[in-house]
Amino acid sequence: MKLRILIGCFLILGGTHFLLAQNISHVISHNQEVIVTDPSKGENSYKHWVKFPSKKQDIRSIILNLTFECPDSINCAHWDYADKINIRSKKDTTVYEIARMLTPYGAFYQKDWSFKWQLDVTDFSMLLRDDIEVEYIHTGYEDNKQRGWKITVDFEITFGEPVAHPLAIHKVYDGKFRYGDKNNPIESHLTPQNIKLHKKTSVAKIKILHTGHGMDANGCGEFCSKYREVLVNDKLIDHKDVWTSCGSNPLYPQAGTWIFDRANWCPGYLLQPDEMVLPIEKGQPFVMDINMEPYETEDPSADEVITAYVIEYEAPNNQNDITLLEVIEPSGSDVNSRRNPTLGYPIIKIKNNGSKTLESLDIQYGLNGETQKTYQWNGHLAFAETQELKLPEIIFTDEETAMFQIRLSKPNGEKDAFSHDNSLETEYKRPDYLPKEFIVYYKTNQKQSENIYGFTNAEGQSIFVKDTTEIKPNKVYRDTIRLKEGLYQFKLTDSVGDGLDFWYHDTAGRGEIRFEDLQGQAIKHFNSDFGNDIVYNFKVDLTKTYHMDKAEKVTAFPRNTYGPVSIDYFSNTVGKVTIKIVDREKEDQVFEEHHYPNFKSGPIDLNLSYLPKNQYYKVVVLKNDQEIYSSYIRVKE
């Protein structure tokens, strides 16, 4: 099937827009396509032929937008599987993996759920031409009749002069390599590779997609941290721990062990490859080598999944060429959701695409309709390097939403060679208004020493800290907070990274935190299953009206039980509450149902010990006949 190229004039990146008109196209290979596993093989392939731009057209950048949704007719999938996006052309039998997606634990996501990730795949621009087969490989063994995903694979192409013209791409490693086997060491597969360069090659970079999977006696490869080294002509150019912290994943909470750190990935994560410019001499061949930390085990079952490319480029086309990659704050994108609404200081990410080291840059920014602020950045950014910048002046408006605009100019005091990627527009959401006095309702769990919370002002000065030495386990505290007018940040951290409630650590109990007004009504609920921290920005303004939290807060605990389950329910309003225990897949099979005609808040205790063991059941909570909560409960022996 061939899908046509869609032409637009503005680039949309998860709520981000280029301000300057550009020639943009979208090539969509998979359009809200439902994918399921093939348990007989452990993987399922979804292939489509699509038409990309011809080789005659200059391409500035290609962004891969990958969106996951719950299918219409079946439920979202359960498991954290490693999927791939491959490409190949009609004229070449070589298959290139351009992206790797680690699927989320989606068991309790509802039909309105969706999430979008992004990945820069510009390095494959010389391959993404003319007729290309795009293959999405979904792995795993879970039920394919009741569970799956709905995906959209969208290549967003910006036309224009490239940073440098690509010359060649070499696949240097591609495979699933057993790790820890003394009889078949991984280094016998990760052998040095001789790279012969094109005579015009001035820049070469390596791109590495690397994740660890499987679990031996030491937790390798998924749950153990090992280092990897990259060498060029026997000289070390990069040393990295193949490890990622997952407790701050923007996609949270998830149904499984989403907080556990892993070997360069997290559940619900589009892998961001490691990239580095290689130290080469123009036209001279070199030897490329990747080495893993020496490791052996008696019963090896770990796999390092490594795909690596060397890409050759001509010299950069321009000396002064800066790109505004992203606005992180303020932003409406899914991947920046933990960091927004912003406290007020914009945070951006820039990249130097000019051959000349970037030492200065002019920045104009502000909210639409307001006087733009100006800032001159000074620093040191070499070719292809990126940097996050925090801008010095706060932005704020009383409007609930607005558009934030930013423009970069005059790199090194000169005209930018390609100004079309210097400007962005993103969605700004105003922080909530809170009263000058409110109550922090804080119920500790059994591991109260892991948690600490406090308030700071916009300048980072501490206003209030809840000292962990003063609190006891499984106890309710109510702190009255009194603040002057201004912008503030509330932050609750967990030193272990498992929040106040994590199903796998049910012996730690469950905590709860929310803001209440002086009458005990909820102003703001927070999810207890938050991983590393909760960050909440707000403003106190005596002239403004604050709003109550209209959502009901419902939690079932524990989710892994011998029988007892407590449904913790809180609402600002009285309503008819119904609780059902149903079959996980066939919700019309109801095991028990309870009705509370005029209910507002409190725990509701159930005992499911009579149900068949080692099976999952679904807890469904309705208010006034509308479903407001569902979760899965496993009854264990």
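Mentor: The model is predicted. Start with an open sheet of five strands, ordered S4-S10-S7-S8-S17 and paired in the antiparallel sense.

Trainee: What makes S4 and S17 the edges of that sheet?

Mentor: Strand S4 (43–51) and strand S17 (269–270) each have a single partner strand, so one side of each has no neighbour in the sheet.

Trainee: How do you know that S8 and S17 pair?

Mentor: Two strands count as paired with at least two bridges between them. Strand S8 (residues 96–102) and S17 have two bridges, in the antiparallel sense. Met 101 has Leu 270 of S17 as its bridge partner.

Trainee: How much confidence does the predictor assign to the chain?

Mentor: The average pLDDT of the chain is 94, and 97% of the residues score at least 70. Over residues 1–21, however, pLDDT stays under 50, although the model has 75 contacts there beyond four places in sequence. Where pLDDT is low, the predicted coordinates should not be read in detail.

Trainee: Why is the link between Cys 70 and Cys 76 called a disulfide?

Mentor: The criterion is a pair of cysteine sulfur atoms within 2.5 Å. For Cys 70 and Cys 76 the S to S distance is 2.2 Å, so the pair qualifies. The angle about the S-S bond is -110°, and the link is left-handed.

Trainee: What makes Cys 70 and Cys 76 buried?

Mentor: Buried means under 20% relative accessible area. Cys 70 has 2% relative accessibility and therefore counts as buried. Cys 76, at 1%, counts as buried too.

Trainee: Which other pairs meet the disulfide criterion?

Mentor: Cys 220 and Cys 224 do, with S to S 2.0 Å. That link is right-handed, with 120° about the S-S bond, and both Cys 220 and Cys 224 are buried. Cys 246 and Cys 266 also form a disulfide, with sulfur atoms 2.1 Å apart. The link of Cys 246 and Cys 266 is left-handed, at -95° about the S-S bond. Cys 246 and Cys 266 are 20 residues apart, both in the loop between strand S16 (235–241) and S17. By this rule the count is three disulfides, and the pairing of the bonded cysteines in sequence order is 1-2, 3-4, 5-6.

Trainee: Asn 368 and Asn 412 both lie in loops. Why is Asn 368 called partly exposed, and why is Asn 412 called buried?

Mentor: Buried is under 20%, exposed is over 50%, and partly exposed is in between. Asn 368, in the loop between strand S23 (358–367) and strand S24 (373–381), has a relative accessible area of 49% and is therefore partly exposed. Asn 412, in the loop between strand S26 (401–409) and strand S27 (423–429), is at 16% and so counts as buried.

Trainee: What does Asn 412 touch beyond its neighbours within four places in sequence?

Mentor: Asn 412 is in contact with Asn 320, Lys 356, Thr 357, Leu 358, Glu 359 and Ser 360. A polar atom of the Asn 412 side chain lies 2.8 Å from the backbone nitrogen of Glu 359. Asn 368, with residues up to four places away again left out, touches Met 403 and Gln 405.

Trainee: Where are the cis peptide bonds joining Glu 329 to Pro 330 and Asn 340 to Pro 341?

Mentor: Pro 330 is in the loop between strand S21 (322–329) and strand S22 (347–352), and Pro 341 lies in the loop between S21 and S22 as well. For the bond of Glu 329 and Pro 330, omega is about 0°; for Asn 340 and Pro 341, omega is also about 0°.

Trainee: What is in the largest nonpolar core?

Mentor: The largest core has 60 residues, and Phe 52, Trp 113 and Phe 155 are among those with the most contacts inside it. Strand S11 (residues 147–159) gives the most to this core, with six residues. A second, separate core of 27 residues includes Tyr 179, Ile 195, Tyr 295 and Val 310.

Note on methods. Residues are numbered from 1 along each chain as its sequence is written. This is a predicted model: local features need pLDDT of at least 70, side-chain atom pairs count only at pLDDT 80 or more; totals for chains, interfaces and linings use all residues. Side-chain values use heavy atoms; hydrogens and water are left out. Helices (H or I, at least four residues) and strands (E, at least two) are DSSP runs, numbered from the N terminus. pLDDT is the predictor's confidence in each residue, from 0 to 100. Contact means heavy atoms within 4.5 Å. Buried means under 20% relative accessible area, exposed over 50%, partly exposed in between (1.4 Å probe, protein chains only). A polar contact is a pair of N or O atoms within 3.5 Å; within protein, one must be able to donate a hydrogen and the other to accept it, and residues adjacent in sequence count only if both atoms are side-chain atoms. A nonpolar core is a set of buried Ala, Val, Leu, Ile, Met, Phe, Trp, Tyr and Cys residues joined through side-chain atoms within 4.5 Å.
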